[in-house]
Amino acid sequence: MPALPDLSLITTPGRPVFHTAAGPLCGTQLLSHAWALAERLPERPIINLHTNLVQFTLVFLAAMMKGQYCLLSSNHAVSQLMALQRAHGALCTGPSLPESLASLTLPPLAELTSSRQDNIQLPAGHEAAHVFTSGSTGQAKVHKKRWGELVARSHAALPLLAPSRPDGTTLLGTVPPYHMYGFETLILQSLHTPTATASGPCFFPGDVEKLLDSTPSPHTLITTPIHLRSLTTARARLPGLERIISASAPLPRELALEAEERFHAPVMEIYGATETGSIASRRTVSPDPWQLYDGLTLTADPTDDQTHICMAPHATPHPLNDVITMQGDRHFHLVDRKGDLLKIAGKRTSYGALNKALLQTDGLLDGCFAPLFSEEDLKEDQPEPTRLQAFIVAGTEVTTTAIMRALRQHVDPVFMPRRLVRLSRLPRNPVGKLTRQALEGLIRDHAEKRAHPPFSIPASHPALPGHFPGNPTVPGITLLERIFTLLELDVRTISTVKFLSVVRPGDPMQLLSSALGNGQIRFTLHHLSGPLKGTVILRGQAGSQP
């Protein structure tokens, strides 16, 4: 096993570690502030909820000075935080915490002064952080991170994050420090290597522009696909970028290409997970495979030919959650995510492949595929999907017809969505992940109401006398009135309606319906003589009434 680099809290502390609005903050100043904070901390683990990078780092350093560790979770629901406090005997610190949590408020930086600035060395095996997975594949799990592996990984990632001038590169990021991605790139990288991190608001395109203008070049931007799309859509001005780094979700090649052309910097993706940390990178627009960081290896699991084990210096070996194929010793291709496979009508694909096709659609801001269940389906323990839908975020100029037409170029008909549900945004977490819990909430909220009671139009209905004498037929407008009543829709304008068969008085029928958005409703009526299908296209005022 290779020897570890410097295991002190901050490597060469005389240098700037953060660039702040007040100027550079060097390592010796950080140590002084952290020692002062450590004197105020109880002997308890700390749930570190700070988004301000300097405050987060001070809490992290102070906890380790006390021989403790930080708990890092992307789920900040009060119930989750209370459960963590009970399980670890922990104390919360962060902005705007409710009184129900045992918490510590950080004093202003000017009040945190100490004559002590010693840069202690920690044992390689010290538990520095307990990091929780995002929950994108199910229940969040905790992974213990030891100081030695964190130091080693920072140095392994340095050539990616600071390719030309490690001692002059400024890192800035749109990701929070309590997520493993932000923790590694924006906090640990500047503690362990000669880089510095820009500390300040960095969420909106204007924030990124200001930080670029006010901090030394060259810059590396740490971001996610959803934030990168926001920057390209806003036509942000980002001069001086040497490199753009993306992670936390697959990055569409078209978006990476647009970002490279607009911002004149190569876009690199990081491959990793909470349990392994970052382990590999690639340039998104290139067909080249993923390349492992120096010193890391992937070994096939002898008991499972679809599993590879990640081996890293001073780290616990972990299996990958993805199916990969190796190309030599240091390169691999990503095949699919385990548990992401989907089988319908004897054919197979993955949600990842479907989402990739969806996000290639021009004008689409965000979107994802999901099973389409009825309310009755969801009463089962684990319903098997036989139909799909897609949740989309797009401007009004992008029609559902255009999206469906684009999807047909890349998606097998059996996997085409039965409906598109327009949303103002997807409920992604701060690093752009759509957790399983959030996706299941969307599926429940938009379940089809398929259990409308059977109905029929009796021969005594006032609209029937005189309508096709001797060959009674239910008028289309009568059917529409009943359909819109069942759907609780107040429809004032109809531009097009088409029926594919006739309905006789007394025919028992049952309504199946799904909203497509963009002013369109598709419905299916079932009756004894077979299916009657129609599409109603609404224009002007149309809405549902509670």
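This is a predicted model: local features need pLDDT of at least 70, side-chain atom pairs count only at pLDDT 80 or more; totals for chains, interfaces and linings use all residues.
Residues are numbered from 1 along each chain as its sequence is written, and side-chain values use heavy atoms, with hydrogens and water left out. The chain has 12 helices and 30 strands; helices (H or I, at least four residues) and strands (E, at least two) are DSSP runs, numbered from the N terminus.

**The chain as a whole**

- Of the 546 residues of the chain, 52% count as buried; buried means under 20% relative accessible area, exposed over 50%, and partly exposed in between, with a 1.4 Å probe and protein chains only.
- Among contacts between residues at least 6 apart in sequence, 62% join residues at least 24 apart; contact means heavy atoms within 4.5 Å.

**The sheet that includes β7**

- Strand β6 (residues 127–132) and β7 run antiparallel and are joined by 5 bridges.
- The bridge partner of V131 in β7 is H143, and that of H130 is K144.
- Strand β7 (residues 142–146) has a covered face, formed by H143 and K145, and an uncovered one, formed by V142, K144 and R146.

**Strand β8 and its neighbours**

- From strand β8 (residues 170–173), T170 and L172 point one way and L171 and G173 the other way, and all are buried.
- Strand β9 (residues 196–198) pairs with β8 in the parallel sense over 2 bridges, and L171 stands opposite T197 in β9.
- Between β8 and β9 the chain passes through helix α5 (residues 180–192), and this β-α-β crossover is right-handed; the term applies if, with the strands pointing away from the viewer, the path from the first strand over the helix to the second runs clockwise.
- Strand β10 (residues 219–223) runs parallel to β8 and is joined to it by 4 bridges; here L171 stands opposite T220.

**Helix pairs**

- Helix α4 (residues 147–161) and α5 have axes that come within 9 Å and cross at roughly 90°.
- That angle makes α4 roughly perpendicular to α5; angles under 35 degrees count as roughly parallel, over 145 as roughly antiparallel, 65 to 115 as roughly perpendicular and the rest as oblique.
- Residues making this contact include W147, L150 and V151 of α4 and M180, F183 and E184 of α5.
- Helix α7 (residues 225–233) and helix α8 (residues 253–263) pack at an angle of about 45°, with their axes 10 Å apart, and this makes α7 oblique to α8.
- The crossing of α7 and α8 is left-handed; a crossing is left-handed if the near helix is turned anticlockwise from the far one by less than a right angle, and right-handed if clockwise.
- P225, L228, R229, L231 and T232 in α7 meet L255, E258, A259, R262 and F263 in α8.

**The sheet of β22, β23 and β24**

- These 3 strands form an open sheet in the order β22-β23-β24, with mixed pairing.
- The edge strands are β22 (364–371) and β24 (420–422), each of which pairs on one side only.
- Neighbouring strands of this sheet are turned by 25° against each other on average, direction ignored.
- Strand β23 (residues 388–394) pairs with β24 in the parallel sense over 3 bridges, and A390 stands opposite L420 in β24.
- Helix α10 (residues 400–408) lies across β22, β23 and β24 and runs at about 135° to β24.

**Residue T20**

- T20 is found in strand β1 (residues 16–20) and counts as partly exposed, at 25% relative accessibility.
- Not counting residues up to four places away in sequence, T20 touches L25, V54 and S199.
- The C-alpha atoms of T20 and G200 are separated by 6.6 Å, although these residues are 180 residues apart along the chain.

How values were computed: Two strands pair if DSSP finds at least two bridges between them. Axes are lines fitted to C-alpha atoms, for helices over the stretch in contact, and angles run from 0 to 180 degrees between N-to-C directions.
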